[in-house]
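Have the structure open while you read.

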Amino acid sequence: MSDRTAVHFGAGNIGRGFVGLLLHEAGYEVVFADVAAPLIDALAAADSYTVHEVGADAKDHEVTGFRALNSAQDEQGVIAEIAAADVVTCAVGPNVLKFIAPVIAAGLQQRDAGAAPLAVMACENAINATDRLREFIVEALPAESRDQALAKAVFANTAVDRIVPAQPDGAGLDVTVETYYEWAIDRTPFNGSEPEIPGAHYVDGLAASIERKLFTVNTGHATVAYHGYIAGADKIADAIAIPAVRSELEAVLAETSDLLVRRHELDPEVHRAYVEAIIARFENPHLPDTVTRVGRQPLRKLSRDERFVSPAAALAEDGTEPTALLDAMGAALRFDVADDEQSVQLQQLLRSDKADGAVATEITGLDEQHPLHAAFADRVRAARA
Ligand SMILES: NC(=O)c1ccc[n+]([C@@H]2O[C@H](COP(=O)([O-])OP(=O)(O)OC[C@H]3O[C@@H](n4cnc5c(N)ncnc54)[C@H](O)[C@@H]3O)[C@@H](O)[C@H]2O)c1
Ligand SMILES: O=P(O)(O)OC[C@@H](O)[C@@H](O)[C@H](O)[C@H](O)CO
């Protein structure tokens, strides 16, 4: 039995197939907290699950020694775990951070002031997700004990990268993943006391790592998903095999590469190799990933600080029209998937009687004066025609 505990919110694909696995391999007892009752019941009843890698040099990994708590039904149990844990991580989706924050806040209040600080690290596809989580925790803490509670934790931003597709019915707790993974954690807030996680690596400041990842892996992935969806593809590997989709992907990544190389002073050759490796990951024929999973929640993906608008707005502000990014954003507007709530909301918005410019602003958060706005409003008009 381990003497170190990690509470992980979100026992879904990346939670079991990546964060839970790496924490287990680092020697932590992982306590999964999730609101999905069947999933938590299955985890609580299991002694182990298997992470199956697919692709070159694939291996199977057994995860054992975990516990599982239903955070909707046993909030006090989760709070007590957090009060005593060494690490808290989450992979619940950026829009869910506000719901888990009050529980973490309560755990910090209950924590012994003499205990080593709790390492809090959000593992979401978003810029500074841990900072966002911290803001929600701050809001949840009473003013009179806020500073004491916050002093009991260290908050570090992270960037996580591993493609974990939706798992097929009947897979149970086992998870199929690609072999590649990367977990970059900002070392700065730890002042030398960073948790030992051999599968992760520490970096000085996360801005370059997270933007490189989000604006390459996720911008590229979403481009393949949205153009692939329009072309009628179901799987990402099939979508990228369509020459027109592949050209859109390459054009989008040329635009984000231009921004990333300049902004973070990346070596262009090293970055080119990074881009090529990512395209090869999208082509992995053994990975059963779909355009509907990768394109999920289009309103989040089209929001201001996300994978399309953030780099496209920066390029437009520099005087370049990012045509491929705009075309991918236009393709995203045509993502019409009945069981994706945000896709339904997006289609309702497009059918509304609001002006194209107002719709463009509502989706992207860009005001009418922004240099990207008019070009995106044109894509809105085209999608409504
Ligand atoms: N799947 C990937 O390839 C991948 C890779 C890197 C990062 N991510 C990021 O990880 C996050 C999760 O993605 P995923 O693919 O694992 O999604 P998922 O839907 O498989 O898992 C999310 C889990 O969070 C749980 N959850 C929802 N609300 C909760 C709450 N209030 N408290 C506790 N648990 C709650 C859900 O029940 C679900 O089990 C997202 O931010 C995603 O962008 C995913
Ligand atoms: O998780 P999302 O919805 O932000 O993005 C969908 C995919 O691009 C994403 O899950 C990737 O598979 C992952 O980020 C790879 O590291």
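1. Start with helix H7 (residues 207–230) and helix H9 (residues 243–263): their axes come within 9 Å and cross at roughly 160°. Keep in mind that this is a predicted model. Angles over 145 degrees count as roughly antiparallel, so H7 and H9 are roughly antiparallel to each other. The crossing of H7 past H9 is right-handed.

2. Now look at who touches whom in that pair. On the H7 side you'll find, among others, Phe-215, Thr-219, Val-224 and His-227, and they face an H9 set including Val-245, Leu-249, Val-252 and Leu-260. Sorted by class, this contact holds seven nonpolar, seven polar and three charged residues.

3. From H16, the contact takes in Asp-356, Gly-357, Val-359, Ala-360 and Thr-364; from H17, His-373, Phe-376, Ala-377, Val-380 and Arg-381. That splits into five nonpolar, three polar and two charged residues.

4. Finally, the ligand. Which residues come nearest to ligand 1? Out of 26 around it, they are Gly-10, Gly-12, Ile-14, Glu-124 and Asn-125. The shell around ligand 1 has 16 nonpolar, seven polar and three charged residues.

5. As for where that shell comes from, helix H1 (13–25), strand E2 (29–34) and helix H4 (97–110) each supply at least two residues. H1 gives the most, with three.

Definitions and conventions. Residues are numbered from 1 along each chain as its sequence is written. Chains are lettered from A and ligands numbered from 1 in the order in which they are written. This is a predicted model: local features need pLDDT of at least 70, side-chain atom pairs count only at pLDDT 80 or more; totals for chains, interfaces and linings use all residues. A residue is near a molecule or strand if its C-beta atom, placed from the backbone, lies within 6 Å of it. Helices (H or I, at least four residues) and strands (E, at least two) are DSSP runs, numbered from the N terminus. Ala, Val, Leu, Ile, Met, Phe, Trp, Tyr, Cys and Pro count as nonpolar, Asp, Glu, Lys and Arg as charged, and the others, Gly among them, as polar. Two residues are in contact if their C-beta atoms, placed from the backbone, lie within 7 Å. Axes are lines fitted to C-alpha atoms, for helices over the stretch in contact, and angles run from 0 to 180 degrees between N-to-C directions. Angles under 35 degrees count as roughly parallel, over 145 as roughly antiparallel, 65 to 115 as roughly perpendicular and the rest as oblique. A crossing is left-handed if the near helix is turned anticlockwise from the far one by less than a right angle, and right-handed if clockwise.
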